[in-house]
Amino acid sequence: MAWLFRPKKSANSAKERLQLVLIHDRTDLTPAALESLKDDLIETISRYIEIDPTAVTINIAHDGRSQRLVADIPLRSGGRRRGR
Amino acid sequence: MTAKVVTIASGKGGVGKTTSVANIAVALASRGEKVACIDGDIGLRNLDVILGLENRIVYDLVDVIEGRCRLRQAMIRDKRLPELYLIPAAQTRDKTAVSPSDMVRLCDELRQEVDWIIIDSPAGIERGFKNAIAAADRVLVMTNPEVSAVRDADRVIGILDAEEKGPAALVINRIDPVIVKRGDMLSVEDVLDLLAVELIGIVPEDENVIVASNRGQPLALDGKSKAGQAFQNIARRLMGEKVPFMELESNNIFHRLLGRK
């Protein structure tokens with residue numbers, strides 16, 4: 001039963017850690033800068049349309065070596081979700 | 001003759017660039033190609049000892065660039081192969097003795113003499129690296145299956161794209177299939193997923209590499225060792241042949257009986 005308690009294979013840790021490191025190396029965008037970008041985005045969009053700031057997500061997706069910024073910004077429809 | 005200029009770079013030091021340059025050059029020369037390799041690591045020359053030509057150096061790269069000798073005089077001919085030459089690095093100078101345009105000019109002259117120019121880039125991404133890629137038609141990026149080497153390879157691949165020297169081709173060196181199987185080493189697939197570039201070579205961990213460097217006799221000369229075969233395969237791929245990638249996880253009963261992995 002000892003295998004149940006074995007830590008994750010180290011190659012998997014290496015790969016997961018590298019995936020994150022490479023995203024930031026390639027874009028020169030720190031997690032803190034990404035957070036601040038998100039705040040600015042929420043502020044700007046909120047001036048035009050009502051959104052739920054807590055549900056906004058922003059990520060860097062990659063396809064091969066090209067990267068894209070993917071923002072998911074749910075809109076508040078009417079006043080229905082106001083009470084939340 | 002118009003040579004193809006191939007530079008081998010890695011970012012991180014110690015991943016096997018010099019060994020690969022020596023072996024790819026030897027492999028190409030053993031296939032009848034005329035090859036000149038250039039040690040781009042000025043101040044830290046090593047390609048001469050790996051090739052076993054350290055006792056024959058008279059002139060070096062900086063002597064050619066500064067006009068103290070003709071190109072031909074700095075080309076050391078390897079006696080084991082009829083058409084293999086080395087242009088050694090200067091040992092008592094530093095990277096600033098050479099500029100990228102010097103390298104372009106030197107390679108333009110050398111292109112007329114040989115079929116292949118293989119350049120050994122120093123580690124790092126500064127002047128020495130910039131010099132080494134200046135004349136390159138193609139850049140091979142070398143990495144090991146470990147986090148720091150993969151990260152640095154990614155930086156180098158990015159810089160090559162930005163400088164329009166891409167797309168780079170990847171060589172993964174020192175793969176140990178037993179450790180990969182155990183889950184404690186990044187696999188070839190993992191590294192390719194992360195770096196997303198074309199693969200041109202997989203070189204297995206092989207203790208013959210150390211023996212070869214001790215003797216100054218590149219592995220690709222005999223072609224029996226796994227690493228030697230892997231370098232021969234890279235040479236064939238450079239020449240445009242389609243060569244399948246070596247099967248590393250050999251469960252062949254005969255190999256096991258012979259104690260080979």
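In which sense do strand 6 and strand 7 of chain B pair, and over how many bridges? Please go on from there to what packs around them.

Modeller: Keep in mind that this is a predicted model. Strand 6 of chain B (residues 138–143) and strand 7 of chain B (residues 169–175) run in the parallel sense, paired over four bridges. Take B:V141 as a handle: its bridge partner in strand 7 of chain B is B:L170. Helix 9 of chain B, residues 188–195, packs on the sheet here and touches strand 6, strand 7 and strand 8 of chain B. Its direction makes about 145 degrees with that of strand 7 of chain B.

Now zoom out to the sheet itself. It's an open one of eight strands in chain B, ordered 3-4-2-5-1-6-7-8, and the pairing is mixed. Strand 3 (76–77) and strand 8 (198–204) of chain B each have a single partner strand, so one side of each has no neighbour in the sheet.

Strand 6 and strand 7 of chain B also sit among the strands that helix 1 of chain B (residues 17–30) lies across. That helix runs at about 170 degrees to strand 5 of chain B.

Helix 1 of chain B has a helix partner too: helix 11 of chain B, residues 226–238, with the axes 8 Å apart and an angle of about 65 degrees. The crossing is right-handed. Helix 1 of chain B brings B:S20, B:N23, B:I24, B:A27 and B:L28 to the contact, while helix 11 of chain B brings B:F231, B:Q232, B:I234 and B:A235. By class, that contact has six nonpolar residues, three polar ones and no charged ones.

Note on methods
Residues are numbered from 1 along each chain as its sequence is written. Chains are lettered from A and ligands numbered from 1 in the order in which they are written. This is a predicted model: local features need pLDDT of at least 70, side-chain atom pairs count only at pLDDT 80 or more; totals for chains, interfaces and linings use all residues. Two strands pair if DSSP finds at least two bridges between them. Helices (H or I, at least four residues) and strands (E, at least two) are DSSP runs, numbered from the N terminus. Two residues are in contact if their C-beta atoms, placed from the backbone, lie within 7 Å. Axes are lines fitted to C-alpha atoms, for helices over the stretch in contact, and angles run from 0 to 180 degrees between N-to-C directions. A crossing is left-handed if the near helix is turned anticlockwise from the far one by less than a right angle, and right-handed if clockwise. Ala, Val, Leu, Ile, Met, Phe, Trp, Tyr, Cys and Pro count as nonpolar, Asp, Glu, Lys and Arg as charged, and the others, Gly among them, as polar.
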